[in-house]
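Visitor: I've got a model open and would like to learn how to read its sheet and helices. Could you walk me through it?

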Amino acid sequence: MGSDWNSLVRNPQVPPPSIGINGSSPAAPGHRPLHRRVAIVTGGAGGIGAAVTAHLVSLGARVVVGYVGDPAPAEKLVASLNDSAPAPRAVAVAADVSDHAQVSRLFDAAREAFGPDLHVLVAAAGVQDGAYPRIADTSPEQWDRAFAVNARGTFLCCREAARRLARGGGGRVVTFSSSNVGSLRPGYGAYVATKAAVEAMTKVLAKELAGTGITANSVAPGPVATPMFYAGKSEERVAAVAGECPMGRIGEPMDVAPVVGFLCTDAAGWINGRVIRVNGGYI
């Protein structure tokens, strides 16, 4: 659906960034600040997560792509990233982030695939209810599902990262919030509550990791052209959202991936406990 609506969501005078492998913004030739570092990206097979995965690989990282459900998108992404590479640069691992045993196995799989040193966690897995129920109409089951993946899942991944990431420099945790925490739109009550929890937890984690050299930050995208964004929205609503952005378009996954990539590098070592809104001025 999203690819059919590009004319509605993009201002032709403000094109999105150039696209690299699988839709990521390519790194400058020879610039590999994450050379041989190992990253886990949950939700790494689709939407923003897939762009982040590909971008981290372009920066030199070896990436474990966490996914849930149909393995085909993850396997296709990994195959494209490993094509013509002398050694694997990415592996796909099924993991429901709401299950602590599966999260632990995800980190074990990273060690088995790429060795004992793990440097980066990007917790990008998330869900959003496409019905956009108001709080009065939100069922306990809808509330619990949102918290199970977005809040509990991020907590379980951050807990494991706090225990396992390499100390002494290069350790990075990047969680995913949402600019909806700032816009507070009706219909997003449960979703915004989960993301507000992620923001607060990330700031606490940054302080708790004092002395380890590990930073913890959260990226909060605005509207981005992904299946999760388009779900349940009319063409008119999508066009209205695009019109509210000063940049004149909906964001693209490659608008977000380079910000995540930067936070994972040594150059971002003095950025810690921050929430970075990546939304083109939307909010």
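**Reading the sheet and its helices**

Guide: Helices (H or I, at least four residues) and strands (E, at least two) are DSSP runs, numbered from the N terminus, and two strands pair if DSSP finds at least two bridges between them. Within this pair, I40 has L121 in β4 as its bridge partner. This is a predicted model, where local features need pLDDT of at least 70, side-chain atom pairs count only at pLDDT 80 or more, and totals for chains, interfaces and linings use all residues. Residues are numbered from 1 along each chain as its sequence is written, and side-chain values use heavy atoms, with hydrogens and water left out.

Visitor: What is the strand order of the open sheet?

Guide: In general, strands of a sheet pair through backbone hydrogen bonds, either parallel or antiparallel. Here seven strands pair in parallel, in the order β3-β2-β1-β4-β5-β6-β7. β3 (90-94) and β7 (275-278) are the edge strands, each pairing on one side only. On average, neighbouring strands are turned by 20° against each other, direction ignored; axes are lines fitted to C-alpha atoms, for helices over the stretch in contact, and angles run from 0 to 180 degrees between N-to-C directions.

Visitor: Which strands does helix α3 touch?

Guide: Contact means heavy atoms within 4.5 Å. Helix α3 (residues 72-82) packs on the sheet against β2 (62-67) and β3, and its direction makes about 165° with that of β3. Helix α4 (residues 100-114) also packs on the sheet, touching β1, β2, β3 and β4, at about 150° to the direction of β2.

Visitor: And what is the handedness of the crossover from β2 through α3 to β3?

Guide: Point the strands away from you: a crossover is right-handed if the path from the first strand over the helix to the second runs clockwise. β2 and β3 pair in the parallel sense over five bridges, with Y67 opposite A94 in β3. The chain's β-α-β crossover from β2 through α3 to β3 is right-handed.

Visitor: How do α4 and α5 pack?

Guide: α4 and α5 (residues 140-164) pack at about 40°, their axes 10 Å apart. Angles under 35 degrees count as roughly parallel, over 145 as roughly antiparallel, 65 to 115 as roughly perpendicular and the rest as oblique, so α4 and α5 are oblique to each other. Residues that meet there include F107 in α4 and L156 in α5.
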